[in-house]
Amino acid sequence: TGIPCHSRLQHWIDNEGVVKRLNRMVSKKRFDTNATLFAEWDVFQCIIRTIKQLTGLAYNPKWIASHQDKHKQYEELTLAAQINCDADQEAGFFQQQNRPRPGVNI
């Protein structure tokens, strides 16, 4: 947008491995060629490139336990946990509606 950003982005993720990987990748200036062999490297690279283009933005990925609504009432959860539960539910709806169709044996 060309508008300088002076904010902090708190990105809650329910996969601890992804959080650790993002934290490592954000701090690197270059990647060795073997880094491209990691699973989903291209997706992570797009995320990192986008974050670095947002000048003035302090990016902070944080881990949050998933499915906390199985152990506590939804209303008792933190806002971040509620949003995570909502996202999990929406992902489930999407998967149900977009199941791959079984193949036809010929």
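## Contacts of Ile 48

Ile 48 makes contact with Leu 22, Met 25 and Val 26, leaving aside residues up to four places away in sequence. The model is a predicted one.

## Nonpolar cores

The largest nonpolar core has eight residues: Ile 13, Val 19, Leu 22, Met 25, Phe 44, Ile 48, Ile 51 and Tyr 59. At least two residues of this core come from each of helix H1 (16-27) and helix H2 (41-53). Another core lies apart from it and consists of five residues, including Ile 64, Leu 77, Ala 80 and Ala 81. In soluble globular proteins, nonpolar side chains tend to be buried together.

Phe 44, a member of the largest core, has Arg 21 over its face, at 4.0 Å from the ring centre. Aromatic pairs number zero in the structure.

## Overall fold and extent

Three helices and two strands are present in the chain, and their order along the sequence is β-α-α-β-α. The chain is more spread out than a compact globule, because its radius of gyration is 18 Å, well over the 13 Å that the globule rule gives for 106 residues. Along the principal axes, the C-alpha atoms fill a box of roughly 50 × 45 × 30 Å.

Of the 106 residues, 19% are buried. Among contacts with a separation of 6 or more, 58% join residues 24 or more positions apart.

## Lys 72

Lys 72 sits in the loop between strand S2 (58-63) and helix H3 (79-97). Its relative accessible area is 44%, so Lys 72 counts as partly exposed. The C-alpha atoms of Lys 72 and Phe 93 are separated by 22 Å, with the two residues 21 residues apart along the chain.

Definitions and conventions. Residues are numbered from 1 along each chain as its sequence is written. This is a predicted model: local features need pLDDT of at least 70, side-chain atom pairs count only at pLDDT 80 or more; totals for chains, interfaces and linings use all residues. Side-chain values use heavy atoms; hydrogens and water are left out. Rings of Phe, Tyr and Trp (its six-membered ring) pair if their centres lie within 6.5 Å; planes under 30 degrees apart count as stacked, over 60 as edge-to-face and the rest as tilted. A charge sits over a ring if NZ of Lys or CZ of Arg is within 6 Å of the ring centre and within 35 degrees of the ring normal. A nonpolar core is a set of buried Ala, Val, Leu, Ile, Met, Phe, Trp, Tyr and Cys residues joined through side-chain atoms within 4.5 Å. Buried means under 20% relative accessible area, exposed over 50%, partly exposed in between (1.4 Å probe, protein chains only). Helices (H or I, at least four residues) and strands (E, at least two) are DSSP runs, numbered from the N terminus. Contact means heavy atoms within 4.5 Å. The radius of gyration is taken over C-alpha atoms; the globule rule is 2.2 Å times the number of residues to the power 0.38.
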